[in-house]
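Notebook open, viewer open. I want to go through this one piece by piece and jot down what I look up.

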Amino acid sequence: MDPVTSKLTSRDLCRVAIRAVRMSWAADPQGVLTVAGLQLTTAVGLAGALLLLRDMIDDVMPLAGRGGAGADLTTLVSGLVALIVLGTAGGILLTLSGMRQQILTDRVDRHVISLVLRTAAHTELGEFEDPDFHDRLQRAVHAARHKPAMVIMMLVTMMQAALTVLAVAGVFITIAWWLLPLATLTALPLFKAAKDERDARYAMHYSLAENHRRRQYFEQLLTGRDEAKEIRALNLGATLHARWDSEYARELTSMISLIRTHAGREIVARLVSSALIVGGIATVWALVDTGRVSLAGASTGLVGLWLLSTRMTMASRMLNDMGQSLYFLKDLHDFAAAATVPPPRPAEPALPFRTLRARDLTFTYPGVDQPTLHGIDISLHQDEIIALVGTNGSGKTTLAKILAGLYAPTGGRLDRDGRPANDMHQLRHGCAVVFQDFIRYKLTAHDNIAFGRVEDQIHDSRIRCAAESAGVAALVEGLPDGYDTVLGREFTNGTDLSGGQWQKLAIARAFYRNAPFIILDEPTAALDPQAEADLFARIRQLFAGRTVLLISHRFSSVRSADRIYVLDAGRIIEQGTHAELMRTQGRYADLFLTQAAGYLDGNHLVDEVSGDLG
Ligand SMILES: Nc1ncnc2c1ncn2[C@@H]1O[C@H](COP(=O)(O)OP(=O)(O)OP(=O)(O)O)[C@@H](O)[C@H]1O
Ligand SMILES: [Mg+2]
């Protein structure tokens, strides 16, 4: 979005400020009330102190004029004691308020981060393809990380400024009401400067969001454990560091230029503001001189003027930070409002299907011109193992994601038992996918398997059964803490697994999911030949009564499938059993023979192929 159009109007700011209050209230209503109560008490104390000061001056001035200072020392001392008591009480209230503010901040912090995480978790997968979404997410995360403290500071400062104005204004009404507009006027230049900086800073953040994300990406590459080995093997450290540095330099340059510009503006605003204060003092002096205002009234008025002006300056500075916080809070709100997927429904049984059929299905990735899949027609039946083969980038994983309900097709239709399968949640619910790039959860082995179906109550016996089916039970039981062993080395007492062992665990997760439709995308890429052969020998029995879609580049694994579909550049170009496809001598046969030639010598190959054709 263009930074200029992303400016907020004062009305927007008010709306966001109300949201900030609501957010704080939702996080810790008692904290908001306590802090507000303490601020109110402080303001009342301030008004009392001002009135007391005026009375003291009133009492003392005539005595001093008559040369009788000390004649009524009791009045002076009791007044001073009252002032000290008020001052001390004010200080204590300030400490208490500060303490409560910290707790309130932490609670708001948690509330806001939880909002971002919940929204991110409920956002459709398609959104993650959009760089603009990542910019919004980045700004929302930034808002969540850095702004809750600002929100509280903002609320408190607003309260302080408003209450001080009320307290001092109340006192002014009895002394010199006309000082109030003057005091407000002195703060205006600073408010204006603060607003300009706020807009400029937000526009800068907007324009640098992608820059910032790239910098963070380099940080991840340079500090991540998974990345560490390749970065060292390729000696990429210095190169990536230099790229990070240049991204950072760009951010710094913008930031420094903004700070300089603003410093200049603020100095001018301060000079104007000071000139207005001097003007105010001169006016008061002239009025005292002409006898239109009493000296006591003028003195108290000037103290009030000073108090108001310092509070206003503080408020303007705060308004600046606060304005930025509000901008970020708006980002946060916009981000939260854009969540597209409703929260998961309560657990319900994943119903099996007899047939899942794609008809003339087309798919184009968001933000991409050309479709990745064209006119796909496939049928998957219960109790069948269907294989999907094709060269890299032919669209196998993309088709798997659509069948798993992760993307909606952009054309054609998907039917479950003859009815349109438009409910993506239902598709997901009834499907277990092992992705090519499955996640290695750096948690316990138990979690790694149980995450297969978190909606249901977790059954340890089923976890063990799933591990058994995936051929990983012996390994897990041999770990230092069995199923409770933390995997990966990121956390204390963690034990790392080999790539193949992680993959078996991912397969165990799919078994545990207990879904009627199973998609295995390169499930054996990291398995040794024995483990792969074991898995395939048992797959039909393990998934009996279900539907399995098997994506693999290993033709030895797909040849026993009930039907094989060959994808090429997003289209199904062949289908049939292994024997049928070999007889056709088309693309499948080519790919099969190419791979087989790598394993067998010429004679074996001839025997093998004639067997298939035979
Ligand atoms: N998220 C995405 N956004 C845009 N295009 C994508 C995305 N994911 C994949 N593609 C493109 O879609 C095409 C098919 O990718 P896909 O991952 O489905 O291939 P594949 O057949 O699974 O390949 P492989 O054998 O390498 O796993 C590729 O050209 C790829 O560049
Ligand atoms: Mg793939």
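My entries follow, starting with confidence and moving on to the metal site, salt bridges and a surface patch.

**Confidence.** I'm working with a predicted model, so I checked pLDDT before anything else. The protein chain averages 82, and 86% of the residues score at least 70.

**Magnesium site.** Which protein atoms are donors to the magnesium ion (ligand 2)? I found Thr-397 through OG1 and Gln-436 through OE1, lying 1.9 to 2.4 Å from the ion. These two come from distant parts of the chain, 39 residues apart. Thr-397 sits in helix α10 (residues 396–403), while Gln-436 is in the loop between β6 (431–434) and α12 (445–450). I looked up accessibility for both: Thr-397 has a relative accessible area of 24% and is partly exposed, and Gln-436 is partly exposed at 44%.

**Salt bridges.** My count comes to 23.

Arg-136 pairs with Asp-132, with the closest N and O atoms 3.9 Å apart. That just makes the list, because the cut-off is 4 Å. Both residues lie in helix α4 (residues 131–146), four residues apart, or about one turn of the helix. Asp-132 is partly exposed at 37% relative accessibility.

Next I took Arg-214 and Glu-247, whose side chains meet at 3.1 Å, N to O. This pair links helix α6 (residues 179–223), which holds Arg-214, to helix α8 (residues 237–289), which holds Glu-247, and the two residues are 33 apart in the chain. Buried or exposed, what is Glu-247? I get 6% relative accessibility, so Glu-247 counts as buried. Arg-214 is at 33% and counts as partly exposed. I also see that the pair belongs to a network of salt bridges, linked with Asp-135, Glu-210, Arg-213 and Arg-250.

Arg-554 is in the loop between β8 (547–551) and α17 (555–558), Glu-532 is in helix α16 (residues 529–542), and they are 22 residues apart. Here Glu-532 is buried at 7%, and Arg-554 is partly exposed at 23%.

I checked Val-81, which lies in helix α3 (residues 73–121). Val-81 comes out partly exposed, at 45% relative accessibility.

Notes
Residues numbered from 1 in each chain as written. Chains lettered and ligands numbered in written order. Predicted model: local features only at pLDDT ≥ 70, side-chain atom pairs only at ≥ 80, totals over all residues. Heavy atoms only, no water. pLDDT = per-residue confidence, 0-100. Buried < 20%, exposed > 50% of the residue type's maximum accessible area, 1.4 Å probe, protein only. Donors = N, O, S within 2.8 Å, 3.2 Å for Na, K, Ca; no water.
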